[in-house]
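Here is a walk through one structure, taken a few elements at a time. Keep the sequence and the 3D view side by side as you read.

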Amino acid sequence: MYEFSSKTKVAQKFKLSELFKMMHADKDMKHEANSIELVQMTNAISQATTGLEPNEEVNEIYIIEIDLKTESVPYNFIKALDKTIRFQVLFKIVCADKVKWFTGPKQISDDKLGQSRYFETEWAAYSIKELPLINSLAELYKQILMQIVDLQFRQNEKIKEWEQRYAEIERLKKDFEKTEKLMNAEAQPKKKFAYNEKLREIYEKIKELKE
């Protein structure tokens, strides 16, 4: 991930007992969290710490590190914690010498907090990249998302629009796989040809959505 300015760095550690109370954690969530060694906020990225302009999509970004004893990720705990924070959050999940990045874009308004899905990387060795030239917090969060998901943002595309495009690509990929299985199992040449045409159409739609 990126190297963020020293002005954004914080060292705020959280006690699991206090987080459990705040999240109204049940027994299952507490059991799932047994693998957690440490929860701390490492960066608070805002206009004050970066000079980048906020907007209705992204007004601040928190980076929260969760150190684990094993690679078994406590997803329910992380999602519950994320829902208590009215900012975009990037989770840095650490186990030994590996790291996994995890985030779920939020749609934030005065009376509502919307969220559709989460994105994550595979476990990998920790590496740092130079931050690209950007002029807003939304652009920074988009860059973060593109480090996690192999799908570029279109010009002036909103985060929610990008998510919807990604979801449609995923739906079409599943449709492609299903159609391909039907085609391979089909014995009649005419039907086989029809399946092949459908595959070509799906492929073109996916290609168009990725551009």
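**The hairpin and its surroundings**

In the hairpin formed by β4 and β5, two residues sit between the strands, and Ala96 takes a positive phi near 55°. Helices (H or I, at least four residues) and strands (E, at least two) are DSSP runs, numbered from the N terminus. Two strands pair if DSSP finds at least two bridges between them.

A word on the source. This is a predicted model, in which local features need pLDDT of at least 70 and side-chain atom pairs count only at pLDDT 80 or more, while totals for chains, interfaces and linings use all residues. Residues are numbered from 1 along each chain as its sequence is written, and side-chain values use heavy atoms, with hydrogens and water left out.

Back to Ala96. Its place is in the loop between β4 and β5. Ala96 is a residue other than glycine, yet its phi is positive. Ala96 counts as exposed because its relative accessibility is 71%. The cut-offs are these: buried means under 20% relative accessible area, exposed over 50%, and partly exposed in between (1.4 Å probe, protein chains only).

Now follow the strands on either side of that turn. Strand β4 covers residues 88-95, and strand β5 covers residues 98-103. The two pair in the antiparallel sense over six bridges. Leu90 stands opposite Thr103 in β5.

β4 has another partner. Strand β3 (residues 61-68) pairs with β4 in the parallel sense, over seven bridges. Here Tyr62 has Val89 of β4 as its bridge partner.

Is β4 covered or open? It is mostly covered, with eight of its eight residues buried. Both faces are covered. One side carries Gln88, Leu90, Lys92 and Val94, and the other carries Val89, Phe91, Ile93 and Cys95.

Look next at α4 itself. Leu81 is found in this helix. Leu81 counts as buried because its relative accessibility is 4%. Beyond its neighbours within four places in sequence, Leu81 is in contact (heavy atoms within 4.5 Å) with Leu19, Met22, Met23, Val39 and Phe91. Met22 is 59 residues from Leu81 along the chain, but their C-alpha atoms are separated by 8.5 Å.

At 18% relative accessibility, Trp123 counts as buried. Setting aside neighbours within four places in sequence, its contacts include Ile93, Val94 and Cys95, along with Lys98, Val99 and Lys100. Leu68, Glu71 and Val73 are also in contact with Trp123.

Now turn to the nonpolar cores. A nonpolar core is a set of buried Ala, Val, Leu, Ile, Met, Phe, Trp, Tyr and Cys residues joined through side-chain atoms within 4.5 Å. The largest has 32 residues, and Ile144 and Ile148 have the most contacts inside it. The elements giving two or more residues to this core are β3, β4, β5, α5 (137-148), α6 and α7. The largest share, eight residues, comes from α5. Apart from neighbours within four places in sequence, Ile144 is in contact with Met1, Tyr2, Phe4 and Leu90. A second, separate core has 27 residues, including Met29, Val39, Ala80 and Phe102.

Asn156 is exposed, with a relative accessible area of 67%.

Finish with helix α7 (residues 189-210). At 1.5 Å a residue, its 22 residues should span 32 Å, and its end C-alpha atoms are 31 Å apart, which agrees. The expected span is 1.5 Å times one less than the number of residues. Which residues of α7 are buried? They are Leu199, Ile202, Ile206 and Leu209. Seen down the axis of α7, these fall within an arc of 85°, so they line one face of the helix. The arc is that of the directions from the helix axis to the C-beta atoms. The buried residues of α7 pack against α6 (159-185). The face turned away from the buried side carries the exposed residues Pro189, Lys190, Phe193 and Glu208.
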